[in-house]
Amino acid sequence: MAKHEKLIFIDLETTGANPIVDRITEIGIVEVQGDQVTRWSTLVNPEVPIPPFIQNLTGISNAMVASAPVFAELAEDLLERLRGGLFIAHNARFDYGFLRNAFKAMGVSLRADVLCTVKLSRKLFPEEAKHNLDILVQRHALKVEGDRHRALADADLLWQLWSKFRRDIAPETFEQALAQLLQRPSTPSHLDADVLDEIPDTPGVYLFYGENNALLYVGKSVHLRQRVLSHFNGDHRLFQDMRMSQQIHRLEWRETAGELGALLLEAQLIKDRQPIHNRALRRQRDLCAWQLRAQEDGTSQPVLVNAAEVDFGSAEGLYGLFSSRKKAENSLREIADTHELCHALLGLEKGQPGKPCFGHQLRRCRGACCGKESKLLHQARLEAALAGLKLATWPYPGAVALIEKGAGGKTEEAHVVHNWCYLGSACAESDVWSLLERSPARPAFDVDTYKILVRALAKKQVKVRPLPSRPEQAAA
């Protein structure tokens with residue numbers, strides 16, 4: 001902690017939760033420098049009405065802030081108080097985000113080392129499920145002085161919490177937790193460092209761009225900020241990560257309601273945009289599968305079909321999937337050898353009717369080729385052997401919307417899907433129908449999207465809403 005001149009325990013009260021549109025109504029600071037502890041607080045005129053809900057929660061009314069200074073009048077003094085200090089707050093992204101945006105509106109850049117006491121508590125007490133301030137007050141017997149949900153009272157609770165951690169936690173454990181939480185990423189030289197402070201810690205997808213706006217990489221996470229910053233840590237485990245970090249000139253992110261939306265969007269973007277450093281989720285152009293087709297003798301034979309000739313999204317009796325003919329044939333041969341199936345009847349080798357195949361001579365076939373086993377029994381054993389590879393049939397008569405709710409139910413997305421094909425996501429009803437109308441008659445089948453959707457439906461992660469073919473049918 002020697003690198004910081006002082007500790008700044010800070011709490012804000014605001015008109016809402018959005019640092020872009022909402023405003024600060026109160027600032028409370030407990031400044032600790034050596035043995036000296038200084039407390040400072042002020043109301044702030046937000047220059048907009050305070051919603052009734054927020055007034056009830058904080059006890060700060062419109063009348064109370066009417067004669068208070070606006071932020072611009074406090075900015076110079078506040079910046080001096082923060083300079084050289086470690087910015088410590090509970091859910092620090094909230095408080096730091098509000099102050100950063102307030103300073104930015106004045107053309108001032110706020111840069112500080114930030115420590116979140118929620119993350120610190122989680123690091124020190126991983127066995128505990130909850131770490132909100134009310135819970136920590138009870139758990140650690142903190143003394144509430146003044147009105148709870150007022151800025152200075154809450155800042156003082158953070159100072160008490162810090163002091164208790166210092167007393168009760170082994171010094172090496174405490175310092176190690178701080179070092180991990182304060183580890184700063186090594187920002188790529190071509191990337192504006194300020195943009196990192198704007199990344200939300202929500203589910204979503206991020207995109208790295210290089211020189212000439214070339215797309216380098218697409219990734220996803222349920223914690224966007226945490227995942228993006230991990231790319232820039234100094235201890236790169238892979239040379240590829242370090243090389244890509246040095247190439248980044250710009251980054252974008254797209255928030256989603258939850259993990260399913262992030263997974264679907266990532267797979268779609270990688271297929272459509274072909275980023276340089278993504279390999280695993282690229283579109284497989286030679287995608288194929290085995291399909292059991294009826295023969296004249298009443299049995300079925302596996303026939304290799306590809307996605308160009310058969311709609312994998314709606315076809316039945318498919319087994320696979322495989323990225324090439326060679327992999328499909330090798331897989332079927334392995335299954336045949338394991339289950340003593342006839343290579344000739346499977347079409348893997350040429351055979352003569354009624355004559356034993358080569359595998360039977362080596363005792364790897366039970367003789368369906370030469371009458372020692374009935375073809376119907378062979379057929380049953382083949383279907384049983386292939387069962388683990390069978391593609392799930394689309395379980396709905398048409399397109400559906402998979403409704404995914406965000407944390408706390410504050411956001412909601414409808415992922416529009418038909419025949420295992422992802423058509424896009426929408427937050428408004430009209431956008432759902434727009435996605436359906438714009439979709440091609442036969443969307444491209446994607447194996448990664450198929451796996452994502454199968455898992456989501458099996459786990460019942462989302463609510464399924466069948467979609468009629470026309471919007472007016474939904475209204476009726």
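Student: Okay, starting with helix α8: what do the buried residues of α8 pack against?
Tutor: They pack against three elements: β5 (114-116), α5 (117-124) and α7 (151-168). Keep in mind that this is a predicted model.

Student: Which residues of α8 are buried?
Tutor: The helix runs over residues 171-181, and the buried ones are Phe174, Ala177 and Leu178. They span an arc of only 100° around the axis, which puts them on the same side of α8.

Student: Let's zoom out. What domains is the protein divided into?
Tutor: There's domain 1 (6-182), domain 2 (193-273), domain 3 (288-389) and domain 4 (400-466).

Student: How far apart are the C-alpha centres of domain 3 and domain 4?
Tutor: Those centres lie 35 Å apart. The two domains do touch: 9 residues of domain 3 are in contact with 5 residues of domain 4.

Student: And how much area do they bury between them?
Tutor: About 580 Å², with 58% of it on carbon and sulfur atoms. On the domain 3 side, Asp311, Gly313 and Leu321 lose the most area to domain 4, and together they make up 66% of what that side buries.

Student: How many salt bridges does the rule find across that interface?
Tutor: For domain 3 and domain 4 the count is 0 salt bridges. Polar contact does turn up, though, with 2 residue pairs found across the interface.

Student: You mentioned Leu321. Where is it found?
Tutor: Leu321 is in strand β11, which covers residues 318-322. There's a detail in the backbone here too: the peptide bond from Gly320 to Leu321 is cis, with omega near 15°. And Leu321 is one of the residues on the domain 3 side that lose the most area to domain 4.

Student: New topic: His343. Where is its place?
Tutor: His343 is in the loop between α12 (325-339) and α13 (358-361).

Student: Buried or exposed?
Tutor: His343 is buried, because its relative accessible area is 14% and the cut-off for buried is under 20%.

Student: Which residues does His343 touch?
Tutor: Leaving out residues up to four places away in sequence, His343 touches Arg333, Ala336, Asp337, Leu348 and Glu349.

Student: What about Glu340, where does that one lie?
Tutor: Glu340 lies in the loop between α12 and α13, and that loop holds His343 as well. Glu340 has a positive phi of about 55° although it is not a glycine.

Student: How accessible is Glu340?
Tutor: Glu340 is partly exposed, with a relative accessible area of 29%.

Student: Last one: what's the phi of Arg363?
Tutor: Arg363 has a positive phi of about 65°, and it isn't a glycine either. You'll find Arg363 in the loop between α13 and α14 (375-386).

Student: And is Arg363 buried or exposed?
Tutor: Arg363 is exposed, at a relative accessible area of 75%.

Terms used: Residues numbered from 1 in each chain as written. Predicted model: local features only at pLDDT ≥ 70, side-chain atom pairs only at ≥ 80, totals over all residues. Heavy atoms only, no water. Buried < 20%, exposed > 50% of the residue type's maximum accessible area, 1.4 Å probe, protein only. Helix = DSSP H or I, 4+ residues; strand = E, 2+ residues; numbered from the N terminus. Arc of directions from axis to C-beta. Contact = heavy atoms within 4.5 Å. Domains from an automatic or database assignment. Buried area = accessible area lost by both parts, 1.4 Å probe. Salt bridge = Lys/Arg side-chain N within 4 Å of Asp/Glu carboxyl O. Polar contact = N/O pair within 3.5 Å; in protein donor to acceptor, adjacent residues only side chain to side chain.
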